[in-house]
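I opened this entry to look up how two of the ligands sit against the protein, and I kept my notes in the order in which I checked them.

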Amino acid sequence: ADFGACLITKTDTNPFFVKMKEGATAKAEELGITLKSYAGKIDGDHEAQVTAIETCIADGAKGILITPADTSSIVSSVQKARDAGLLVIALDTPLEPIDAADATFATDNFIAGELIGKWAAASLGDEAANAKIAMLDLAVSQPTVGVLRDQGFMQGFGIDLKDPKKWGDEDDPRIVGHDVTAGNEEGGRKAMENLLAKDPFINVVYTINEPAAAGAYEALKALGREKEVLIVSVDGGCPGVANVADGVIGATSQQYPLLMASKGIEAIKAWADTGAKPEVTPGKDFFDTGVKLITDQPVDGVESIDSKAGAELCWG
Amino acid sequence: MTQQPVLQGRGLVKKFGKVTALQGCDFELYPGEVLAVIGDNGAGKSVMIKTLSGALQPDHGEVLLDGKPVHFNTPLEAQYAGIATVYQTLAMSPALSIADNMFMGRELRKPGWRGKYLRQLDKPAMEKFSREKLTELGLMTIQNIKQAVETLSGGQRQGIAVARAAAFGSKVIILDEPTAALGVKESRRVLELIKDVRARGIPIVLISHNMPHVFEVADRIHIHRLGRRLCVVKPGEHTMSDAVAMMTGAMEPPGETQAA
Amino acid sequence: MTQQPVLQGRGLVKKFGKVTALQGCDFELYPGEVLAVIGDNGAGKSVMIKTLSGALQPDHGEVLLDGKPVHFNTPLEAQYAGIATVYQTLAMSPALSIADNMFMGRELRKPGWRGKYLRQLDKPAMEKFSREKLTELGLMTIQNIKQAVETLSGGQRQGIAVARAAAFGSKVIILDEPTAALGVKESRRVLELIKDVRARGIPIVLISHNMPHVFEVADRIHIHRLGRRLCVVKPGEHTMSDAVAMMTGAMEPPGETQAA
Amino acid sequence: MSDTGTANQNSSNQSYEDVLKDAATTVAEFEEDESFSRKLQNWLHSTPSAVPMFVLLAAILVFGLILGSKFFSPFAMTLILQQVMIVGITASAQTLVILTAGIDLSVGAIMVFSSVIMGQFTFRYGIPAEISVAIGLGAGALMGFINGVLVAYVKLPPFIVTLGTWQIFLAANFLYSANETIRAQEIEEQAPTLQLFGESFRIGGAVFTYGAVAMIVIVVLLAYVLSNTAWGRHVYAVGDDQEAAELSGVKVKNTLIQVYTLSGLICAFAGWALIGRIGSVSPTSGQNANIEAITAVVIGGVSLFGGRGSILGALAGGLIVGVFSLGLRMIGTDPQWTYLLIGALIIFAVTVDQWIRKGTA
Amino acid sequence: MSDTGTANQNSSNQSYEDVLKDAATTVAEFEEDESFSRKLQNWLHSTPSAVPMFVLLAAILVFGLILGSKFFSPFAMTLILQQVMIVGITASAQTLVILTAGIDLSVGAIMVFSSVIMGQFTFRYGIPAEISVAIGLGAGALMGFINGVLVAYVKLPPFIVTLGTWQIFLAANFLYSANETIRAQEIEEQAPTLQLFGESFRIGGAVFTYGAVAMIVIVVLLAYVLSNTAWGRHVYAVGDDQEAAELSGVKVKNTLIQVYTLSGLICAFAGWALIGRIGSVSPTSGQNANIEAITAVVIGGVSLFGGRGSILGALAGGLIVGVFSLGLRMIGTDPQWTYLLIGALIIFAVTVDQWIRKGTA
Ligand SMILES: Nc1ncnc2c1ncn2[C@@H]1O[C@H](COP(=O)(O)OP(=O)(O)OP(=O)(O)O)[C@@H](O)[C@H]1O
Ligand SMILES: Nc1ncnc2c1ncn2[C@@H]1O[C@H](COP(=O)(O)OP(=O)(O)OP(=O)(O)O)[C@@H](O)[C@H]1O
Ligand SMILES: O[C@@H]1[C@H](O)[C@H](O)CO[C@H]1O
Ligand SMILES: [Mg+2]
Ligand SMILES: [Mg+2]
């Protein structure tokens with residue numbers, strides 16, 4: 001069976017998606033599928049994804065794997081693709097509603113956040129009540145991944161979320177403030193500095209991803225406070241896991257993009273061959289590729305693996 | 001002369017930051033005359049005519065048209081009142097055509113619904129009119145009326161600016177150094193044009209540094225010095241030497257000759 | 001005249017797209033003379049002196065300095081060879097000071113290591129020199145040598161351009177309509193300056209539309225028409241009427257007067 | 001000699017001018033000898049708007065040859081139109097502003113904020129969609145008006161004004177929307193008017209959305225206005241030489257304000273079309289709209305210095321980028337290579353344009 | 001009267017000019033009566049570079065009053081320096097280009113690509129860090145040189161050239177780096193030279209990084225070069241009026257190429273400093289560098305039309321934004337509001353500047 005498929009990621013500059021693409025390409029080659037990849041210019045660029053979906057339809061592809069840049073904005077286009085007879089699988093981020101795609105292979109980002117929140121609270125023990133927390137988010141436009149992880153962290157830490165659909169409306173005094181990082185080192189450092197200038201005694205730092213965590217660490221290091229602060233993050237990329245081993249990051253929630261990608265390609269193949277659609281994880285409305293907490297300081301009540309085990313599973 | 005001036009300025013003052021360009025300047029233009037304005041570089045001649053034609057607003061003083069005070073906030077308002085000006089900088093849009101430039105700000109629309117509802121320009125009419133004006137004034141040989149102004153020589157451009165003023169100035173025509181960049185032949189034609197326009201009864205203000213030209217066409221000469229009118233003289237009553245001497249400060253002006 | 005021309009052009013051709021500005025044009029300037037160039041607007045006078053001074057490169061033809069062919073790729077190369085030009089557009093940087101403009105492209109550095117290693121400009125020396133030149137030439141009263149050129153009147157600017165050329169032109173000075181925007185007084189000073197420079201033995205090219213000025217200062221007159229030299233006449237041998245008639249095509253040029 | 005001071009001024013003062021009556025009156029003629037490339041250049045030189053059309057046709061041809069019928073199909077061709085719609089509309093607005101020698105960095109922000117206003121007024125306040133659309137259009141025009149006032153009256157450089165308002169409008173958009181997306185399904189059920197421009201009709205294999213048609217209507221209308229009305233000529237005159245325009249009787253300030261306001265209105269319209277295109281109302285849309293609109297305009301041969309260029313050129317510029325992107329995507333080019341090639345395309349297209357406009361090689 | 005054709009040309013042809021020997025030689029004087037605000041305006045008008053300094057001091061003062069010693073501390077003050085370092089260096093490069101009436105949209109791309117080259121050459125090819133840094137600096141200069149050639153020789157508008165090369169350099173950066181980050185810890189162990197500008201020393205509570213010091217050195221050096229060397233005057237002359245500069249003997253093309261090349265080199269240097277700042281080498285850095293550098297330059301009073309402004313102004317511009325962002329963050333302003341207020345700050349700062357420069361209210 002020689003046919004085409006598409007992979008549409010949020011960007012092609014974030015290592016997460018670069019690895020996802022590598023995984024998908026390898027699997028596609030193995031199964032004899034021609035894979036074409038598309039991406040937005042920046043995270044949140046859903047218009048480029050719409051254009052990419054249209055191209056796939058015009059191109060006569062059999063199926064699309066997509067990491068939605070906006071959970072609801074591309075639903076209409078996805079519908080168009082399905083109407084045109086393509087199998088559409090959401091990866092990494094579910095669509096809203098989730099059944100807008102034929103299937104979803106994703107991490108539960110809220111749970112990813114919750115895990116690191118729980119870990120941070122448990123690590124601090126009684127001190128958690130007096131914690132001073134910096135929240136380093138993605139962008140002022142508050143994309144959903146960022147909101148889910150941020151709010152998941154708070155839930156895990158035991159903070160009242162108020163509206164779970166946005167960050168910044170909480171009134172828990174333990175939160176020093178939110179700032180945005182663009183998900184890279186530069187932004188992470190600046191945001192950390194800003195919040196440190198506001199309150200130099202911050203001792204817990206939530207970060208949207210590992211590059212932002214690395215940047216935050218540099219800011220703390222410049223002050224000589226890097227040993228006194230817990231940094232938590234999400235992703236589980238190889239540099240991130242290495243940073244856990246080096247003590248830069250206390251704990252991170254690892255995701256499995258390669259698994260999402262290869263599962264996705266397999267599903268398209270199966271559908272093209274037999275017309276069968278993939279199963280979902282029992283009890284959920286999507287296939288959970290799972291998320292594992294990686295830390296070298298495990299705490300009771302939160303399941304985790306150490307950085308050595310994490311390094312074997314890491315993706316970049 | 002007990003006539004009422006067509007265009008008049010009284011006590012005009014204009015400053016640019018620290019520079020005083022006009023310092024209580026008076027000005028009168030009478031019906032049917034050619035009034036020359038002479039003065040050193042930087043004396044304030046151009047600024048004066050700009051305040052008279054709405055291109056600049058005076059800080060103090062007033063402008064009167066037919067004896068009635070007027071406030072021109074833009075050159076367009078002065079144009080509506082019949083004052084057409086050729087500025088020293090010519091005021092042409094280089095990328096636009098000759099016809100576009102001739103009619104800038106006073107375009108003709110197609111007759112009927114196309115003009116009224118679609119606001120469509122009557123390009124053929126404007127081109128025809130422009131060609132006529134240029135031919136009629138014999139000013140120069142323009143090959144193509146749709147040509148962009150930037151493709152013309154400096155002299156041709158000055159000619160078009162003069163033709164535009166002559167065509168639309170129903171009450172007053174002001175020319176600020178219209179022949180500065182022109183050759184002998186081209187200058188001569190502008191002087192002839194000035195005489196033609198006067199013959200039609202329209203008064204003209206001519207700013208020039210060329211004394212023979214000034215003494216050839218002017219009925220009266222407004223001598224400008226240090227931001228104000230020093231005096232007004234008549235070519236028949238004073239020599240070129242006198243005029244130059246007064247304008248450069250080498251000679252005192254005559255007594256009360258202003259209302260000459 | 002069997003002397004060798006200081007500056008010479010042979011068969012110069014220059015086209016701009018469809019416009020032919022020079023069409024096999026010849027030119028000679030002899031030592032110590034004032035050569036006037038006259039011609040209609042758009043005849044190609046400015047383009048000719050631009051090709052002679054490195055501002056434009058001719059499509060065909062050659063430029064010779066002291067009889068030797070030269071190729072000026074930029075105005076700077078011509079300046080190094082001693083040719084100073086006042087272009088019709090003046091070529092001033094409005095936001096820079098008078099001294100900056102005077103020395104543009106030929107700045108003085110501090111003596112010693114500061115000039116050599118730090119490449120530091122000798123601002124006081126440049127300012128002193130500028131002030132001297134302006135005062136010496138008596139051209140005008142400049143209040144502040146550090147003043148930006150844009151704060152000066154058109155006449156003052158033209159004066160500075162002329163002073164710059166006079167100060168740095170060691171071999172040839174070219175003036176393209178240097179008095180077009182100037183008042184009577186200011187024009188007179190430029191004419192005096194031309195005579196001074198000639199007295200120093202430096203030959204001058206003067207482009208002008210002002211016939212009395214041309215006939216006052218020129219030793220020979222190059223008449224330019226339709227992109228080429230029509231002929232060269234001497235003021236003593238032809239009248240202004242003749243010159244104007246030839247330049248406008250109203251009269252045939254005299255026989256072989258070119259090497260007058 | 002000539003102290004003619006006591007002259008009688010009715011005779012000529014300078015009698016050497018008497019000879020002028022015999023002066024030549026014919027225009028100079030010079031022989032022509034030109035190479036083919038010089039002739040082509042001269043032809044294009046006299047019709048510069050043909051240049052981007054040329055490039056566009058060439059691009060379609062090249063991709064057609066590579067990709068065959070997949071690309072050369074009515075479906076793919078009309079798909080390009082759909083994909084270019086938003087860029088085409090915002091580029092029209094941008095062209096207007098650039099023709100006045102300005103630049104509008106806020107087009108994307110105005111577009112997305114207006115679309116959010118249309119959506120939120122409908123869903124948050126329950127106002128009928130038609131009225132909400134009108135309010136959204138009004139809001140866009142108001143934002144443009146603010147730019148216009150700052151440019152025309154406060155006399156700030158357009159680049160700076162719109163650099164500032166871009167951030168202001170965009171932040172206001174996020175704050176006002178609370179970053180909430182309104183889902184396509186809800187809009188479809190409750191306020192289909194918002195999605196009007198997403199609807200389509202078919203002619204054979206070709207699929208035309210109302211949005212693509214609207215884009216073409218806007219471009220044609222503006223092309224008419226710019227070249228056939230006094231106002232259009234004034235827009236060019238203002239961009240060509242603002243002071244000259246003022247002195248020759250153009251109401252420069254009014255024209256500028258009208259241009260920026262109209263630009264804002266058109267961007268708001270693009271915001272409405274955007275809802276049709278993506279189905280939903282999302283405050284994160286349009287992040288690349290600025291750069292894409294400017295790219296279309298410059299590839300279309302509109303001069304950033306004002307006064308030169310046409311709105312049809314800008315549309316062609318948008319289509320060139322659209323053809324390129326779709327073509328490269330269909331070939332399967334890696335996205336980064338696509339960006340790289342589009343960067344090269346910008347430089348190439350403008351180099352060709354420059355070569356033609358110069359008239360000299 | 002005056003057919004002086006057969007004249008003897010040594011006497012004056014127009015004897016009415018004889019009276020000129022008596023002409024007045026004094027300069028006109030006019031009385032002054034000015035309000036205080038007019039006087040202040042005139043003073044600032046004559047020293048325009050003081051304006052951004054003024055705004056900067058005012059901003060520090062206002063935030064100091066609101067926030068007290070927290071803000072007025074050596075720590076916070078030096079933190080601003082650190083945060084502004086990258087913007088300050090890229091804004092210096094941008095100022096050079098803008099002074100020539102150009103604009104460089106590729107500063108951010110050159111910066112990040114150069115830093116990636118430094119990192120990859122060290123780690124991928126095992127070249128000693130010092131040599132890799134030199135290669136990275138050379139690569140930055142080369143990218144600038146390419147911009148310069150396109151601007152000076154192909155004569156394309158700088159906006160378009162750098163719009164194109166921005167995309168090209170950025171895409172090349174992603175393709176070359178394969179989007180891989182080099183971690184801070186690895187660099188620290190194996191190639192600390194790369195992190196040189198992240199190191200710091202303390203004077204009391206103040207923390208100075210070498211990077212912040214380097215920024216100040218670069219600014220002072222460029223300020224010296226611009227105002228005290230012939231080359232510096234030529235940069236201004238080119239931006240002021242390119243044709244005039246050419247005619248008065250400036251090697252315009254050379255100057256332009258040198259400016260763009262130097263700008264590229266400085267951006268590469270910023271790339272090196274960036275590694276020090278963020279610890280790691282990351283190809284996704286520097287995405288906002290363009291807009292931040294341009295914002296600093298325009299707030300610093302450098303004219304986008306070229307020829308006017310100073311590099312110190314640009315530094316002040318960067319610091320103003322730095323003071324504002326940190327101050328607002330410390331007050332606890334939401335990031336979205338901060339974004340909005342910085343948009344307003346841009347417009348406000350330039351309005352003040354405009355008011356002062358005009359000389360007329
Ligand atoms: N827009 C302006 N801003 C600042 N100063 C100005 C402005 N316009 C004119 N000036 C100044 O006002 C004074 C008078 O200038 P004006 O142009 O009226 O002189 P003029 O008599 O027309 O001289 P010329 O014969 O050279 O044309 C000059 O000192 C000039 O520099
Ligand atoms: N850069 C250019 N591009 C195109 N055409 C040009 C250029 N420079 C000059 N021309 C054309 O060349 C011809 C000769 O122009 P030039 O400036 O030499 O005339 P001129 O004799 O100096 O006239 P004037 O007395 O008006 O200064 C004109 O037709 C002019 O339009
Ligand atoms: O959703 C994605 C991934 O989960 C990864 O963390 C990279 O950034 C986000 O945008
Ligand atoms: Mg004047
Ligand atoms: Mg000339």
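**Ligand 3 in chain A**

I began with A:Asp43, where a polar side-chain atom lies 2.8 Å from an oxygen atom of ligand 3, a polar contact being a pair of N or O atoms within 3.5 Å. The model is predicted, with pLDDT of at least 70 needed for local features and 80 or more for side-chain atom pairs, while totals for chains, interfaces and linings use all residues. Side-chain values use heavy atoms without hydrogens and water, residues are numbered from 1 along each chain, and chains are lettered from A and ligands numbered from 1 in the order written.

I then found a polar side-chain atom of A:Lys10 at 2.8 Å from an oxygen atom of ligand 3, and a side-chain N or O atom of A:Asn14 at 3.4 Å from an oxygen atom of this ligand. Taken alone, ligand 3 exposes 270 Å², of which the protein buries 97% (Shrake-Rupley method, 1.4 Å probe). I noted that the shell has three nonpolar, three polar and five charged residues, where Asp, Glu, Lys and Arg count as charged and Gly is among the polar ones.

Taken alone, ligand 1 exposes 640 Å², and the protein buries 69% of that. By class, I recorded five nonpolar, six polar and three charged residues in the shell around ligand 1.

How values were computed:
Polar contact = N/O pair within 3.5 Å; in protein donor to acceptor, adjacent residues only side chain to side chain.
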